[in-house]
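The sequence and structure are shown below for reference.

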Amino acid sequence: MPTPHPTPSDLSLQTRLVHAGKAPAFDGGTAVNPPLVRASTVLFDSVAQQREMRARRGDERLFTYGARGTPTTFALEDAVSELEGAYRTRLFPTGLAAVGMTLLAYLKPGDHVLMSESVYEPTRHLVHSFLAPYGIGCTFFAADGSGVQERITPATRMVYAECPGSLVYEMCDLPRLADIAHRHGALLAADNTWGSGCQYRPLALGADISVMAATKYLSGHSDVMMGSVATTRAAWKPLAERSDAFGMTVSPDDAWLVLRGMRTLSARLAMHERNALQVAHWLASRPEVATVFCPALPAHPGHALWKRDCRGTNGLVSFELQPGIDAAAPERLVDSLSLFGIGASWGGYESLVTLADMRKARSVTDWTGRGQVVRLHIGLEEPADLLADLDRGFAALAAAA
Ligand SMILES: *Cc1c(COP(=O)(O)O)cnc(C)c1O
């Protein structure tokens with residue numbers, strides 16, 4: 001006869017405090033949302049079960065240790081996979097970490113990557129801070145996707161696109177890039193932060209890997225950092241293996257917040273889009289503005305591709321001031337706005353403004369002689385109030401000129 005388990009009354013208060021309340025007894029229904037599960041250690045019923053789980057966890061998604069994911073992060077992974085049309089998804093503590101791990105998972109010393117000049121600035125920084133010292137070559141191509149074929153080398157293992165591009169939203173023909181990459185045995189990765197799965201879906205257009213800063217629209221509330229990498233079945237394994245090897249994981253609390261944000265993603269985006277289009281049309285009518293950047297405008301150079309490949313636009317609208325205004329003027333405009341926060345990042349519910357240095361942000365396309373670019377993120381405020389604020393901003397521009 002095995003020794004019977006001790007009953008609570010046999011145990012000291014100290015021991016009962018350690019073990020009490022772990023499996024509360026209650027009856028009832030189920031919550032709308034999946035539970036938040038925080039865990040480092042995961043317990044098994046037997047040594048045999050532990051051994052079996054460890055043997056299978058390389059290929060299967062199993063709850064075996066906090067760093068390998070929790071039911072909460074698995075729930076977010078599934079939601080992102082649904083959004084991206086992916087086989088599976090891995091989560092990273094920031095969007096930038098997701099970009100970095102994508103490069104790390106698929107490239108090795110001696111390889112070469114072709115990268116769009118329109119990538120997010122810290123992604124460009126990775127070329128100098130990580131790729132070059134590790135012997136991975138990189139060549140930039142024009143944000144509109146031209147010149148990719150000519151830049152392919154026998155060592156090219158990845159084409160890395162960002163479409164629409166950061167700051168001025170150039171479009172490239174993703175199916176064409178996928179075709180070129182695949183013909184040369186390379187993968188196509190795309191930063192899909194702008195499209196956030198609702199407005200653009202790189203995997204459906206031929207990409208193998210789609211990266212998002214979930215910090216932006218998926219979270220939607222400017223209060224959590226998160227990155228995701230979603231892949232096709234064929235591209236999955238290197239990402240999963242390298243992420244596990246490096247102990248990449250995210251807090252279940254953060255995953256829970258992003259999952260909550262995603263429930264209203266399409267509703268928020270519809271409102272961001274409607275408000276941003278009003279602002280974009282208003283900006284296009286201003287004499288102080290040389291160019292308005294928004295792919296939904298027919299005058300945008302990428303409009304035809306946007307119409308073909310995107311389901312809509314988002315809250316981002318940038319504009320170029322007429323060249324030749326005094327150097328301090330753009331700062332006066334920005335400082336005089338009261339409804340637009342001065343800050344980087346975007347995708348929250350609120351409006352933001354920031355100055356963009358396009359000469360530094362592009363290395364193939366020449367921006368010399370062009371005016372200062374201002375990037376707006378149009379939030380969920382009433383557009384008429386935002387336009388009145390911008391009108392005051394342009395008045396400040398004119399007053400001192
Ligand atoms: C913001 C952003 C990132 C990085 O996201 P973080 O969560 O801030 O690290 C990556 N790519 C694009 C296009 C972004 O806009």
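Strand S9 (residues 316–321) and strand S12 (residues 373–377) run antiparallel and are joined by five bridges in this predicted model. One of the paired positions is Ser318, whose bridge partner in S12 is Arg375.

**Sheet and packing helix**
- S9 and S12 belong to an open sheet of five strands, ordered S8-S9-S12-S11-S10, in which the pairing is mixed.
- Strand S8 (289–293) and strand S10 (341–342) form the edges, each pairing on one side only.
- Helix H12 (residues 329–336) packs on the sheet and touches S9, S10, strand S11 (352–356) and S12.
- The direction of H12 makes about 170 degrees with that of S11.

**Nonpolar cores**
- The largest nonpolar core holds 85 residues, of which Leu283 and Leu376 touch the most other members.
- Helix H10 gives the most to this core, contributing seven residues.
- Domain 1 (47–262) and domain 2 (265–400) each supply at least three residues to this core.
- Beyond its neighbours within four places in sequence, Leu283 is in contact with Val289, Val292, Val317, Phe319, Leu376 and Phe394.
- Another core, of 27 residues, lies apart from the largest one and includes Met115, Met158, Tyr160 and Trp236.

**Helix H9**
- In helix H9 (residues 252–262), the buried residues are Pro252, Ala255, Val258, Leu259, Gly261 and Met262.
- Helix H3 (71–84) and helix H10 (265–284) are among the elements that cover these buried residues.
- At the start of H9, the backbone nitrogen of Asp253 has a side-chain oxygen of Ser251 within 3.0 Å.

Key: Residues numbered from 1 in each chain as written. Predicted model: local features only at pLDDT ≥ 70, side-chain atom pairs only at ≥ 80, totals over all residues. Heavy atoms only, no water. Buried < 20%, exposed > 50% of the residue type's maximum accessible area, 1.4 Å probe, protein only. Helix = DSSP H or I, 4+ residues; strand = E, 2+ residues; numbered from the N terminus. Contact = heavy atoms within 4.5 Å. Polar contact = N/O pair within 3.5 Å; in protein donor to acceptor, adjacent residues only side chain to side chain. Pairing = 2+ DSSP bridges. Axes fitted to C-alpha atoms, helices over the stretch in contact; angles between N-to-C directions. Core = buried A, V, L, I, M, F, W, Y, C linked by side-chain atoms within 4.5 Å. Domains from an automatic or database assignment.
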